[in-house]
Amino acid sequence: MNQERLFKVLLGPHMTEKAAVLADAKNQYVFKVAADATKPEIKKAVEQLFDVKVDAVRVLNTNGKTRRTLHGLGRRNGFRKAYVSLVEGQAIDFADAE
């Protein structure tokens with residue numbers, strides 16, 4: 001995988017309370033990913049960027065919420081996220097990733 005595609009696959013970490021609990025309890029990390037990203041691409045991108053060993057990748061599509069606005073119904077954009085499980089003993093520290 002070339003460097004340009006590597007940076008386009010992972011859009012950033014998805015930090016929520018659920019993601020924090022998963023990182024502590026199950027050694028899983030959540031990332032927002034590109035709409036056309038595949039599991040093998042996500043695995044390679046995480047391994048190369050963070051220098052860790054990935055055990056498994058689960059991907060899901062999140063639909064945007066419907067919201068009422070002054071002009072009728074509107075819809076937020078949906079996104080795709082990946083749950084990345086690391087091999088035991090490995091961890092990602094987002095503060096040191098830069």
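The legends below describe close-up views of one predicted model. Residues are numbered from 1 along each chain as its sequence is written, and side-chain values use heavy atoms, with hydrogens and water left out. In this predicted model, local features need pLDDT of at least 70 and side-chain atom pairs count only at pLDDT 80 or more, while totals for chains, interfaces and linings use all residues.

**View 1. The chain and its secondary structure.** The chain comes to 3 helices and 6 strands, taken as DSSP runs (helices H or I, at least four residues; strands E, at least two) and numbered from the N terminus. Along the sequence, these elements follow the pattern α-β-α-β-α-β-β-β-β. The C-alpha atoms fill a box of roughly 50 × 35 × 25 Å along the principal axes. Of the 98 residues, 31% count as buried (buried is under 20% relative accessible area, exposed over 50%, partly exposed in between; 1.4 Å probe, protein chains only). Among contacts (heavy atoms within 4.5 Å) between residues at least 6 apart in sequence, 61% join residues at least 24 apart.

**View 2. Confidence along the chain.** The mean pLDDT (the predictor's confidence in each residue, from 0 to 100) is 92, and 97% of the residues reach 70 or more. Confidence is lowest in helix α1 (residues 3–9), at a mean of 89, and highest in β6, at 97.

**View 3. The open sheet.** An open sheet is formed by 4 strands in the order β1-β2-β6-β3, with antiparallel pairing. Its edge strands, β1 (10–13) and β3 (54–62), each pair on one side only. From one strand to the next the twist averages 30 degrees. Strands count as paired if DSSP finds at least two bridges between them; β1 and β2 (residues 28–33) run antiparallel and are joined by 3 bridges. L10 has V33 in β2 as its bridge partner.

**View 4. Helices across the sheet.** Helix α2 (residues 17–25) lies across β2 and β6 (79–86) and runs at about 140 degrees to β2. Helix α3 (residues 39–50) lies across β1, β2, β3 and β6, at about 120 degrees to β3. The axes are lines fitted to C-alpha atoms, for helices over the stretch in contact, and angles run from 0 to 180 degrees between N-to-C directions.

**View 5. The β4–β5 hairpin.** Strands β4 (residues 66–69) and β5 (residues 72–75) pair in the antiparallel sense over 4 bridges. A hairpin through 2 residues joins β4 to β5. The bridge partner of R67 in β5 is G74.

View 6. S85 lies in strand β6 and is buried, with a relative accessible area of 13%. Leaving out residues up to four places away in sequence, S85 touches N27, Q28, V54, D55 and A56. K18 lies in helix α2 and is exposed, at a relative accessible area of 55%. The C-alpha atoms of K18 and R68 are separated by 27 Å, with the two residues 50 apart along the chain.

**View 7. Charges over rings.** K32 lies over the face of F79, at 4.6 Å from the ring centre. R58 lies over the face of Y83, at 5.2 Å from the ring centre. A charge sits over a ring if NZ of Lys or CZ of Arg is within 6 Å of the ring centre and within 35 degrees of the ring normal.
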